[in-house]
Amino acid sequence: MIDVLVEEHDRILVEAARLERMSVELMERNAFSLAEYREMIAFIREFADATHHMKEEDLLFAKMIENLGTVAVNLIQHGMMVEHDEGRLCVRELEAACERYAQQPAVEDKLAIVSWAMQYVHLIRRHIEKENTVVYPFAEKQLDQETWDHLNEAARTYQPAVR
């Protein structure tokens, strides 16, 4: 399961770099495509959040909280879950700014697009680094083999619930 999550992180990081380039292009050349931003927002919502983050929350994080006590509760509920929610906020605000800018370009909305996009980019990069170097290794060391067997099987058939 961890290998799959890390591979998903790699894909998310590629798209984060693309969002950063889109932000630079908007600043340097006023290059803005509502369709391209909508595509990016859809990727974040459908893959990064509804697929990847929900898999973490519903499977790995749930087992960590269930089996690893206060340290896991603090790490997950006060760290990773807060960051997942912060990412969702960034995307909502980015989407709203893009829609306003597409209707009537204003410098304030251009600033909001770049600001929310870059807040998401920086957040997701730090978040992925923490998961790859702290959360996942902690889980790998602390969860027993039976739990991993269950998680690996659950990950193979995982379908996120509609939220």
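This is a predicted model: local features need pLDDT of at least 70, side-chain atom pairs count only at pLDDT 80 or more; totals for chains, interfaces and linings use all residues.
Trainee: Why is serine 23 called buried?

Mentor: Its relative accessible area is 1%. Buried means under 20%, so serine 23 falls in that class. Serine 23 lies in helix α1.

Trainee: Which residues is serine 23 in contact with, leaving aside its neighbours within four places in sequence?

Mentor: Tyr37, Val114, Ala117 and Met118. Contact here means heavy atoms within 4.5 Å. As for valine 82, it is 59 residues from serine 23 along the chain, and the two C-alpha atoms are separated by 25 Å.

Trainee: Why is aspartate 3 called exposed?

Mentor: Aspartate 3 has a relative accessible area of 60%. Exposed means over 50%, so the label applies to aspartate 3. This residue also lies in helix α1.

Trainee: Which residues form the negative surface patch?

Mentor: Asp3, Glu7, Asp10 and Glu140. Asp and Glu count as negative, and like charges are joined within 9 Å. Helix α1, residues 2–29, gives the most to the patch, with three residues.

Trainee: What makes the pair glutamate 95 and arginine 45 a salt bridge?

Mentor: Their closest N and O atoms are 2.9 Å apart. The cut-off is 4 Å between a side-chain nitrogen of Lys or Arg and a carboxyl oxygen of Asp or Glu, so the pair qualifies.

Trainee: Why does glutamate 95 count as partly exposed?

Mentor: Its relative accessibility is 28%.

Trainee: How do arginine 100 and aspartate 109 count, buried or partly exposed?

Mentor: Arginine 100 has 40% relative accessibility and counts as partly exposed. Aspartate 109 has 12%, which puts it under the 20% limit, so it counts as buried. The two form a salt bridge, with the closest N and O atoms 2.7 Å apart.

Trainee: What makes arginine 88 and aspartate 49 a salt bridge?

Mentor: The closest N and O atoms are 2.8 Å apart, and the rule asks for a distance within 4 Å. Arginine 88 and aspartate 49 are both buried.

Trainee: Which residues are linked in a network of salt bridges?

Mentor: Asp49, Glu57, Asp85 and Arg88.

Trainee: How many salt bridges does the count come to?

Mentor: By this rule, 14 salt bridges.

Notes: Residues are numbered from 1 along each chain as its sequence is written. Side-chain values use heavy atoms; hydrogens and water are left out. Patches are made of residues with over 30% relative accessible area and no salt bridge: like charges are joined within 9 Å, nonpolar side chains (Val, Leu, Ile, Met, Phe, Trp, Tyr) within 5 Å. Accessible areas come from the Shrake-Rupley method with a 1.4 Å probe; for residues, only the protein chains shown count as cover. The place of a charge is taken as NZ of Lys, CZ of Arg, CG of Asp or CD of Glu. Helices (H or I, at least four residues) and strands (E, at least two) are DSSP runs, numbered from the N terminus. Buried means under 20% relative accessible area, exposed over 50%, partly exposed in between (1.4 Å probe, protein chains only).
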